[in-house]
Amino acid sequence: MTQLLQVSQVTKRFGGLVAVNDVSFSVAEGEIVSVIGPNGAGKSTLFKVISSFLKPTAGEVRFRGERISGLAPHIVARKGVVRTFQETTIFRGMTVRDNVIIAHHLRSKANLAGFFVGSATARRDEAEFGRSADQILNFLDLGAIKNEVASTLPHGLLRALGIAIGLATDPTVLLLDEPFAGMNHAETKRAVELVRAVRERGVTVLLVEHDMVAVMRISDRIVVLNFGLKIAEGTPAEIQCNPKVIEAYLGSEDETIGLLP
Amino acid sequence: MSPTKKLAATAAFLASVLVAVPWAIAATGRNDLYYTLTSVALLSIASAGVWLTFYIGRINIGQGAYALIGGYTSAILVVDYGVSFWLTLPIAGLFCAAASVLIGLPILRLRGVYFAMVTLVLTEVARLLALALPITHGASGMVSIPAPGAIRLFGVTLVPDFATLQNPRLAFYIVSVVLMALCYAGLYRLVHSRMGRLCLSLQQNEELASSIGVNIAWLRVVAYAISSFLGGIGGAMFAAIAQSIYPSSFTVTDSVNFMLNCFLGGLGYVFGPMIGTFVLYFGWDFLFQTGEYQLLIYSSLLIALMLFLPNGLLSLRPAAKKRG
């Protein structure tokens with residue numbers, strides 16, 4: 001298996017606070033890898049470093065062997081590493097379909113001047129984006145609401161829309177920021193299937209998550225952070241009986257760490 | 001709108017401003033209206049620029065600076081270097097666009113009220129520069145700028161020398177209205193092409209826009225440069241019509257008015273600033289009859305309009321479609 005994404009010795013300091021401390025791991029093509037940890041473990045900071053929204057204080061992130069940490073987020077996205085957002089970050093004033101169409105920006109062959117004068121390439125692009133957007137929306141079961149304005153959607157659908165926006169960029173690696181947060185049991189189940197389906201499309205998935213049950217169910221491998229340090233890495237089965245992980249989560253109900261079904 | 005409808009609407013608009021208005025003015029003998037309408041056309045060009053910066057999510061209270069820079073660029077080139085006015089018009093626009101790239105690169109990183117405050121200062125800086133720099137002739141400004149000359153191509157006179165015209169007011173009116181039509185047609189096309197969608201994505205969420213691969217820093221600067229280009233064109237044309245320009249030709253009040261025009265017309269509509277400029281300009285003139293109460297009534301009306309019509313006058317259209 002080729003290593004697609006390599007996180008090597010990444011450290012991120014905010015003043016005196018070390019949010020992420022010397023963390024290394026890698027993600028192979030076609031994998032679903034999760035980063036978990038208790039509150040304040042540095043998951044979100046690590047996520048922002050990988051998507052290049054933050055510069056690491058030390059260490060680096062490589063994609064296909066090429067250093068991507070320190071590049072502007074839009075350039076990282078162009079290379080194929082695309083993130084979604086934890087909060088329901090979408091283009092609120094646009095319709096669901098327009099949200100997905102605009103996210104096709106990276107695929108356009110025509111330049112802005114071409115779109116301005118309405119060149120043949122630009123018209124082909126527009127038609128292609130519309131078709132592709134419809135296809136993605138149907139794939140995520142959002143087809144029925146594609147003409148709704150995004151700000152009117154309920155929570156669960158917004159999360160799916162976030163994933164649709166990510167997919168529209170045709171990513172190699174999709175970084176999902178807490179895709180199951182705030183979801184009830186049924187919604188989580190559906191979202192887990194959705195992430196699996198995304199992988200079936202050939203997209204490698206790295207997710208940061210709180211919901212242990214979902215993570216155990218979905219991941220090929222799990223990386224556990226605590227106080228900014230990587231304390232464990234392995235398959236869900238290995239993680240479940242790792243004493244360090246159990247200690248980090250000590251005091252939690254067994255069910256929340258996925259020990260019970 | 002269907003292409004035929006669009007074409008019909010454009011034709012109707014051009015016919016009314018280029019034929020019906022001059023005819024009505026000739027019939028009533030109200031020649032002074034030419035000056036008013038020309039001003040509206042030029043101010044609405046500058047306002048269109050401000051509208052575009054609103055469209056990328058920035059409150060721009062600095063368009064007066066670019067109108068002033070544009071006016072001076074044209075005037076200096078015409079008076080001191082003998083360049084044809086028609087050539088100075090695009091040069092003034094491009095000079096403003098270039099200046100705005102240098103100014104915009106650092107300040108466009110700011111958002112919300114911070115960007116607004118910095119742009120507010122820009123107009124004042126431009127006024128002080130015009131006072132201080134030797135090339136702008138200081139506080140006395142530049143007067144008796146010659147009228148635009150003729151445009152000849154292969155011996156054929158396309159545009160006659162304005163100094164020889166019987167009714168230069170009509171000529172200025174026609175030129176300004178044509179410029180305005182071109183500017184709004186371009187803006188309409190821009191907003192309804194992919195660039196407009198990208199600007200809108202910037203307005204709604206810059207972080208998400210950059211995560212889908214939009215070069216937000218570049219797009220912001222391009223939009224701001226187009227905005228300033230329009231400000232420069234408007235200012236240059238103004239200087240030519242007034243045949244003079246002073247450091248106080250465009251002040252902070254003008255910058256604020258450009259912004260108000262956009263608010264009043266509607267930030268969601270390309271033609272919002274045009275309607276806004278028209279209503280605001282004529283509304284202010286109309287209220288002149290109320291004497292000392294002019295400003296009081298004017299500002300009360302504006303406050304009321306913003307309270308009750310937050311999406312601008314164009315949201316009153318019966319078939320008002322969002323982002324129409």
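The model is predicted. Chain A and chain B meet through 23 residues of chain A and 20 residues of chain B.

**Helix pair in chain B**
- Helix 2 (residues 32-55) of chain B and helix 9 (residues 216-242) of chain B have axes that come within 7 Å and cross at roughly 165°.
- Angles over 145 degrees count as roughly antiparallel, and helix 2 of chain B and helix 9 of chain B are therefore roughly antiparallel to each other.
- The crossing of helix 2 of chain B with helix 9 of chain B is left-handed.
- Residues in this contact include Leu42(B), Ala46(B) and Gly49(B) from helix 2 of chain B, and Ser227(B), Gly231(B) and Phe238(B) from helix 9 of chain B.
- The contact of these two helices has 15 nonpolar, seven polar and no charged residues.

- On the side of chain A that touches chain B, helix 2 (73-79), strand 6 (81-83) and helix 4 (112-117) of chain A each supply at least two residues.
- Helix 2 of chain A gives the largest share of that side, four residues.
- By class, that side of chain A has 14 nonpolar, six polar and three charged residues.

**Sheet in chain A**
- An open, mixed sheet of six strands in chain A has the order 6-7-8-3-9-10.
- Strand 6 and strand 10 (229-234) of chain A each have a single partner strand, so one side of each lacks a neighbour in the sheet.
- Strand 7 (residues 173-177) and strand 8 (residues 204-208) of chain A run parallel and are joined by five bridges.
- Leu175(A) is opposite Leu206(A) in strand 8 of chain A.
- Helix 7 (residues 185-200) of chain A packs on the sheet and touches strand 3 (32-36), strand 7 and strand 8 of chain A.

Terms used
Residues are numbered from 1 along each chain as its sequence is written. Chains are lettered from A and ligands numbered from 1 in the order in which they are written. This is a predicted model: local features need pLDDT of at least 70, side-chain atom pairs count only at pLDDT 80 or more; totals for chains, interfaces and linings use all residues. Axes are lines fitted to C-alpha atoms, for helices over the stretch in contact, and angles run from 0 to 180 degrees between N-to-C directions. Angles under 35 degrees count as roughly parallel, over 145 as roughly antiparallel, 65 to 115 as roughly perpendicular and the rest as oblique. A crossing is left-handed if the near helix is turned anticlockwise from the far one by less than a right angle, and right-handed if clockwise. Two residues are in contact if their C-beta atoms, placed from the backbone, lie within 7 Å. Ala, Val, Leu, Ile, Met, Phe, Trp, Tyr, Cys and Pro count as nonpolar, Asp, Glu, Lys and Arg as charged, and the others, Gly among them, as polar. Two strands pair if DSSP finds at least two bridges between them.
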